[in-house]
Amino acid sequence: MVVKVRVLESNECIELEVKEISVREILSKLGLTLSEHIVLKNGEVITEDDVVEDGSEIVIFTVKSGG
Amino acid sequence: MANIEGVFESCRELSSEELERYSRQIPVIGCEKQLKLKESSVLVAGVGGLGSIILYYLVAAGIGRVVFIDDGIVELSNLQRQILFTTEDIGKPKVLVAENRLKALNPHIKLIPLQATITEDLLEKYIRDVDVVVDALDNWEARFVIDKIAWKYWKPIVHAGVGEYYGQLTVIKRGVTPCLRCLFRGVKSSSRGRVTVLATTPGILGLLEVNEVFKLLLGLSEPLYNKILVFNGKKPSIDIVEIKISDCSEICEN
Ligand SMILES: [Zn+2]
């Protein structure tokens with residue numbers, strides 16, 4: 001029962017032992033801000049209230065707004 | 001000059017001055033593609049860290065017509081990364097300083113400087129006549145305005161954003177990718193903050209944007225459609241993340 005999370009910024013792969021977890025909870029566990037990160041579940045963009053089930057592959061990366 | 005003209009016999013539409021100017025590029029891309037650049041029109045939204053480098057290279061490489069928009073004036077804190085401006089330019093409108101510098105760089109280019117904020121009305125006037133829109137903005141509100149109007153007229157947007165050591169890059173095109181708003185729907189449309197960034201980050205991302213412009217205009221290879229390039233200058237590393245197309249037509253057609 002794991003959700004695999006890859007964080008590009010730190011190049012870490014983390015396995016969360018949960019059955020399901022919301023995007024908000026994942027980011028909070030990792031200490032990442034909601035507004036500056038994009039979360040992909042199997043390649044699709046998901047947002048804070050979306051729930052990730054066990055077996056999903058998650059990629060998280062930083063999105064910057066400056067120019 | 002005569003020699004170069006001999007080499008590029010087929011480049012009759014370019015003057016001998018232009019043939020010499022682009023003589024290190026024409027052997028790479030060919031005469032037809034150099035002419036294609038000359039016949040192209042690009043809109044650059046924002047003349048900051050990204051915009052400075054983007055404008056320099058678009059103009060140097062021979063894009064025929066360049067529209068650029070910014071309402072700002074040159075500030076001392078810009079000079080650490082905004083390479084179009086010098087200490088003497090502080091207090092002057094960015095687009096006017098940029099125009100002078102770019103005219104001196106390449107007098108063949110038709111420059112259209114617009115000292116204005118990004119609004120739907122303004123973009124309605126200018127987006128129709130350009131081939132590519134380049135996002136060099138520093139806030140999401142303005143990005144979503146160019147997203148809306150570019151989508152309406154089926155114009156591709158080359159997007160980048162930067163901060164600290166990091167940046168991301170992608171290309172948006174109606175019919176091929178989701179719109180910018182759908183792609184970055186998790187991102188909060190927060191108001192313009194103070195950009196904190198290592199000097200090189202906008203330079204690198206700006207050049208990658210120009211490279212996508214060339215790919216789009218010249219058909220060199222598939223642009224970064226449905227892929228987000230994520231840059232980390234600390235390492236440095238570049239990751240390219242593939243995005244599955246999610247249907248965003250309901251949101252975008254509005
Ligand atoms: Zn959309």
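A polar contact is a pair of N or O atoms within 3.5 Å, where within protein one atom must be able to donate a hydrogen and the other to accept it, and where residues adjacent in sequence count only if both atoms are side-chain atoms. By that rule, 11 residue pairs are in polar contact between chain B and chain A, both residues of each pair being at pLDDT 80 or more. The elements that give two or more residues to the side of chain B that touches chain A are α5 (49-61), α8 (140-152), β5 (157-163), β6 (166-172), β7 (227-232) and β8 (237-242) of chain B, with helices (H or I, at least four residues) and strands (E, at least two) being DSSP runs numbered from the N terminus. The residues on this side of chain B comprise 14 nonpolar, nine polar and nine charged, where Ala, Val, Leu, Ile, Met, Phe, Trp, Tyr, Cys and Pro count as nonpolar, Asp, Glu, Lys and Arg as charged, and the others, Gly among them, as polar.

This is a predicted model, in which local features need pLDDT of at least 70, side-chain atom pairs count only at pLDDT 80 or more, and totals for chains, interfaces and linings use all residues. Residues are numbered from 1 along each chain as its sequence is written, chains are lettered from A and ligands numbered from 1 in the order in which they are written, and side-chain values use heavy atoms, with hydrogens and water left out.

Taken as a whole, the contact (heavy atoms within 4.5 Å) draws 32 residues from chain B and 23 residues from chain A. About 2,200 Å² is buried between the two chains, and carbon and sulfur atoms give 58% of that area; buried area here is the accessible area (1.4 Å probe) that two parts lose on being put together, summed over both. Two salt bridges are found across the interface, each requiring a side-chain nitrogen of Lys or Arg within 4 Å of a carboxyl oxygen of Asp or Glu. One of them pairs Arg6(A) with Asp239(B), whose closest N and O atoms are 3.3 Å apart.

Chain A has one helix and seven strands, which follow one another from the N terminus as β-β-β-α-β-β-β-β. Its radius of gyration, taken over C-alpha atoms, is 11 Å, close to the 11 Å that the globule rule gives for 67 residues, so chain A is as compact as a globular protein of that length; the rule itself is 2.2 Å times the number of residues to the power 0.38.

Two loops of chain B deserve a look at the backbone. In the loop between β7 and β8 lies Pro236(B), which is joined to Lys235(B) by a cis peptide bond with omega of about -5°. The loop between β5 and β6 holds Glu164(B), which has a positive phi of about 50° although it is not a glycine.

As for confidence, pLDDT is the predictor's confidence in each residue, from 0 to 100. Chain A averages 91, with 100% of its residues scoring at least 70, whereas chain B averages 92, with 91% scoring at least 70.
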